[in-house]
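Reader: Please pick one part of this model and take me through it closely. I want to know what it packs against and how.

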Amino acid sequence: MIICTFLSSLVSKQKTIAVSIVVTILGVYGGFKEVDEEKIKMLETFGATKQQILQKVVFPASVPTIVNALKINVRLSWVRVIVGEFMVSRAGIGYLIVYGGQVFKLDLVMTSVIILAVLATVMYQGVAYFEKRMMKWR
């Protein structure tokens with residue numbers, strides 16, 4: 001019921017995306033707050049600016065948190081889109097899955113699922129590539 005209410009219009013989809021972004025930002029912020037205070041104090045002692053502290057300590061220490069947030073969001077974004085399309089859409093891959101199931105067209109259902117799997121894999125591999133590039137220094 002909640003999904004139908006929230007995903008019934010474009011504005012509601014934008015609200016859902018905004019909530020997802022806010023949750024991600026809060027998670028990354030939590031990763032920023034867990035950085036070792038001793039390292040920050042050491043850089044402050046040597047006269048580092050806030051930007052230097054962010055570049056040299058906070059961001060590198062938070063890369064694993066950022067990558068994990070991206071991995072989770074890649075997975076959940078597809079789930080949210082498809083469930084929303086199951087409920088209220090008249091177009092899209094989720095609609096094709098539901099429609100194919102209703103009219104017993106297994107080829108339509110399987111093709112849609114394969115397209116979803118390929119898209120999700122491509123997005124996940126993009127995040128894995130980003131992780132490999134960002135974690136090269138470790």
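Author: Contact here means heavy atoms within 4.5 Å. With that cut-off, the buried residues of α6 pack against α4 (50-88) and α5. So α6 is the part to follow. The model is a predicted one.

First, the setting. The protein chain has six helices and zero strands. Read along the sequence, its pattern is α-α-α-α-α-α. Of its 138 residues, 22% are buried. Take the contacts between residues at least 6 apart in sequence: 55% of them join residues at least 24 apart.

Now α6 itself. The helix covers residues 106-134. It has 29 residues and reaches 42 Å from its first C-alpha to its last. That is close to the 42 Å expected at 1.5 Å a residue. Which residues of α6 are buried? They are Val 109, Ser 112, Leu 116 and Val 127.

Start with α5, residues 93-102. The loop between α5 and α6 holds Phe 104. The phi of Phe 104 is near 60°, a positive value in a residue other than glycine. Is Phe 104 buried or exposed? Phe 104 counts as exposed because its relative accessibility is 75%, and the cut-off for exposed is over 50%.

The crossing of α5 past α6 is left-handed. Which residues meet in this contact? From α5 come Ile 93, Leu 96, Ile 97, Tyr 99, Gly 100 and Gly 101. From α6 come Leu 108, Val 109, Ser 112, Val 113, Ile 115, Leu 116 and Leu 119. By class, the contact has ten nonpolar, three polar and no charged residues. Val 109, Ser 112 and Leu 116 of α6 take part, and these residues are among the buried ones of α6.

Next, α4. The axes of α4 and α6 come within 10 Å and cross at roughly 175°. That makes α4 roughly antiparallel to α6. On the α4 side are Phe 59, Val 63, Val 67, Leu 70, Lys 71, Val 74, Arg 75, Ser 77, Trp 78 and Ile 82. They meet Leu 116, Leu 119, Ala 120, Met 123, Tyr 124, Val 127, Phe 130, Glu 131 and Met 134 of α6. The classes here are 15 nonpolar, one polar and three charged. Leu 116 and Leu 119 belong to this contact, and they also belong to the contact with α5.

One is Lys 71, in helix α4. Lys 71 counts as buried because its relative accessibility is 16%, and buried means under 20%. What does Lys 71 touch, leaving aside neighbours within four places in sequence? Its contacts are Tyr 124, Val 127 and Glu 131. Val 127 is itself one of the buried residues of α6.

The other is Ser 77, also found in helix α4. Ser 77 has a relative accessible area of 24%, so it is partly exposed. Its C-alpha and that of Ala 120 are separated by 9.4 Å. Along the chain, Ser 77 and Ala 120 are 43 residues apart.

The crossing of α4 past α5 is right-handed. Ile 82, Glu 85 and Phe 86 of α4 meet Ile 93, Gly 94, Tyr 95, Ile 97 and Val 98 of α5. This contact divides into six nonpolar, one polar and one charged residue.

Methods: Residues numbered from 1 in each chain as written. Predicted model: local features only at pLDDT ≥ 70, side-chain atom pairs only at ≥ 80, totals over all residues. Heavy atoms only, no water. Axes fitted to C-alpha atoms, helices over the stretch in contact; angles between N-to-C directions. Helix = DSSP H or I, 4+ residues; strand = E, 2+ residues; numbered from the N terminus. Left-handed = near helix turned anticlockwise from the far one by under 90°. Nonpolar A, V, L, I, M, F, W, Y, C, P; charged D, E, K, R; others polar. Expected span 1.5 Å × (residues − 1). Buried < 20%, exposed > 50% of the residue type's maximum accessible area, 1.4 Å probe, protein only. Parallel < 35°, antiparallel > 145°, perpendicular 65-115°, else oblique.
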